[in-house]
Amino acid sequence: MEDTYNNRTSLAKGAKDIVKEAKRHATKKVGKAVDRATDEYSSHRNYSRFQDEEDEDEDFYKNPPRQHGQGNQDNEEGSSDATEGHDDEDEIYEGEYQGIPSAGDSKHKDGQVALGQLVSDATRDRKELDQEREADEEELAQQYELIIQECGHGRFQWQLFLVLGLALMSDGVEVFVVGFVLPSAETDMCVPNSSSGWLGSVVYLGMMVGALFWGGMSDKVGRRQILLICMSTNGFFAFLSSFVQGYGVFLLCRLVAGFGIGGAVPIVFSFFAEVLSREKRGEHLSWLCMFWMIGEIYASAMAWAIIPHYGWSFSMGSAYQFHSWRVFVVVCALPCVCAVVALTFMPESPRFYLEVGKHDEAWMILKQIHDTNMRARGQPEKVFTVNRIKIPKQLDELVEMQSESGNSVSKFFFRIKAETQGIYHNLMKCFNYPMRENMMRLATVWFTLSFGYYGLSVWFPDVIKHLQADDYASKVKIHSNERIEDFTFNFTLENQIHKNGLFINDRFINMKLKSVTFIDSTFRNCYFDDVTSVGSFFRNCTFIDAFFFNTDIYETKLIDGTEVINSTFTHNKTGCQMTFDDDYSAYWVYFINFLGTLAVLPGNIVSALLMDKIGRLSMLGGSMVLSGISCFFLWFGTSESMMIFMLCLYNGLSISAWNSLDVVTTESFPTSRRGTGFGFCNALCKLAAVLGNLFFGSLVGITKAIPILMASSVLVCGGLVGLRLPDTRANVLM
């Protein structure tokens, strides 16, 4: 055999290359077959089949194949780098560490011709390069799954679980902050009815754009870094919004805060999935979903405990008012701040580093995961056995260069333009074959589930308020044709209507008018001092020789032709006065929301425990269909208690659909497009929320048939579409 090898080396260069190419392919096929058999039947992990194929070519000629018995002896002695330091029981000890290994593709596999001449990537077809990268990604996905299994599931994953949970909790809080502060903020800032409702829509629009932008950026820059930027942006502008006084500035702050938090959901799930093995992924991503529910419970509990308490507020003069709802906004920003601090201590996703060609950084993080988990298990002597990791072929992208002479502002906008174009091109790949059909189904499920859920979330509290308002109005006291002279009013008037009244020389001192309406009444020579009128109006009334001191009675309260003759207004209270003293309806609405969020807890636990047993698709479709059916029974709710019970049932059934959809979406995209694809789906979710708010909100108090039928039908249809999605339970992270 040795003589034959020596004779072959004396042949002509062209013949040698031909033989070398043939032997390379033969050796590669044999090696892969042997490694597959080893993976199936051996209890020891072997990463040799992921090593570079060029190394096999060189080894074939430098070290010719030995006799059959000699080859078996080498395998038994374990001479490869991956097994150095092993003892007889295949254990490796910490003293055997030899530094960071080289990447699996340190020598890129360039195209070759028969005579061995290299062909550069620039001259190769783009489709061929994409196919080569896809093959590398499939190989990396299989190897990465084995590596994560070796790292184990332990302390590191639970630490990251808590940190990412805080970020997801912040997203849940942000969604519900809007609904809780909306009535108070609009009253406090004297928002006219024409501008009412903008706050809810503008926050969702900010979250929609943020989900698409930050999700795409996470595929280009990194999960951890972009998540830090998102959470920092949200935390800063959320705090700032609690101090601004103008409604326009407040809207702007909440818009930017929503833009920041919009990237949390796609990045959090992408990040956490990339450090989980296949058998752990469904269950632990479902447990992570609980933090969104915890954020919902936190927001509901804080709203119930803080907003109705007018005594929590303070003021600096009459111009600056810091009411209790602003305290609530500050408290709701605390989870975001905690998430930012905790994220600074966590590493980047190793799967992302491998995707962008950073082998050494990824290897060090994987080693950190392994060592952290092994120390927690009481096995610190265990050493990370991976010595080489496959890296996908890195394809160059044509990027327009910015002139060196450009100023910093133009460079900044050029960078934004370039990154936006990159996100767009990456998003378009999500709609290419063979992902197009699945992408459309995912988008349909996201839209229908969000439209029904967020639409009912807005409609239901308003229905409760409407029922309470009807009950409140049924208890109104009506006084007609009364004549009161030389009387002092120093108490609270509530839920009353005074028609055709005549008040002469009366004094209204240090009193409150709550939901009181004066119609066609006359006030002659009356004195008003320190009067607060919440929800009170004067319709077609006449004030003659009246004096107003330190009151909030001004033109917005004097409506429908009210006349003011020879009267004086001094030291009027600025701003819209608000109070929650003895406000039963405020307490009750917040308490109802709190109960609704608590009802989610059992459904969340059940979905996490059964996610891998029942399957993602069965749970997704079944949950949406059942929640649609439960929504239909809202039609028969004629009392508050019945409506509250149906709300809790609906929330408990729908949460399993959300958890399943998050898991399926995470597993449906390759690593290079996971953040972009998930971000697009989440942006569609927020768009559906805006449309649901507008549609369902416009029907409150008019009819309940259309909202109930609409929500029920879209949920059932979306559930049927979800059953046709591909099962991702057995997928490795591409």
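**Criteria and conclusions**

Modeller: Of the contacts in the chain with a separation of 6 or more, 68% are between residues 24 or more positions apart; contact means heavy atoms within 4.5 Å. This is a predicted model, in which local features need pLDDT of at least 70 and side-chain atom pairs count only at pLDDT 80 or more, while totals for chains, interfaces and linings use all residues. Residues are numbered from 1 along each chain as its sequence is written, and side-chain values use heavy atoms, with hydrogens and water left out.

Biologist: How many helices and strands does the chain have?

Modeller: The chain has 23 helices and 18 strands. These are DSSP runs numbered from the N terminus, helices (H or I) having at least four residues and strands (E) at least two.

Biologist: How many aromatic pairs does the count come to?

Modeller: The count is 41 aromatic pairs. Rings of Phe, Tyr and Trp (its six-membered ring) pair if their centres lie within 6.5 Å; planes under 30 degrees apart count as stacked, over 60 as edge-to-face and the rest as tilted.

Biologist: What makes the pair of Phe 161 and Phe 291 edge-to-face?

Modeller: The ring centres of Phe 161 and Phe 291 are 5.2 Å apart and their planes stand at 70°, so the pair is edge-to-face. It links distant parts of the chain, with Phe 161 in helix H6 (residues 155-188) and Phe 291 in helix H11 (residues 278-306), 130 residues apart.

Biologist: Why is the pair of Phe 489 and Phe 508 called stacked?

Modeller: For Phe 489 and Phe 508 the centres lie 4.6 Å apart and the planes are at 5°, so this pair is stacked. Phe 489 belongs to strand E7 (residues 488-489) and Phe 508 to strand E10 (residues 507-519), 19 residues apart. Both belong to one aromatic cluster, whose members also include Phe 487, Phe 543 and Phe 569.

Biologist: Why is Phe 489 called buried?

Modeller: Buried means under 20% relative accessible area, exposed over 50%, and partly exposed in between (1.4 Å probe, protein chains only). Phe 489 has a relative accessible area of 7%, so it is buried. Phe 508, at 3%, therefore counts as buried too. Over the chain of 734 residues, buried residues make up 49%.

Biologist: Why is Cys 717 called partly exposed?

Modeller: Its relative accessible area is 47%, so Cys 717 is partly exposed. Cys 681, by contrast, is buried, with a value of 0%. The structure holds zero disulfides, a disulfide being a pair of cysteine sulfur atoms within 2.5 Å.

Biologist: Which strands are the edge strands of the open sheet?

Modeller: Five strands form that sheet in the order E6-E9-E11-E14-E17, with parallel pairing. Strand E6 (483-485) and strand E17 (563-565) are the edge strands, as each pairs on one side only. Two strands pair if DSSP finds at least two bridges between them. Strand E14 (residues 542-544) and E17 pair over three bridges, and Phe 543 stands opposite Val 564 in E17.

Biologist: Why does Leu 661 count as buried?

Modeller: The relative accessibility of Leu 661 is 0%, so Leu 661 counts as buried. This residue lies in helix H21 (residues 640-668). Not counting residues up to four places away in sequence, Leu 661 touches Leu 442, Val 445, Trp 446, Leu 449 and Leu 620.
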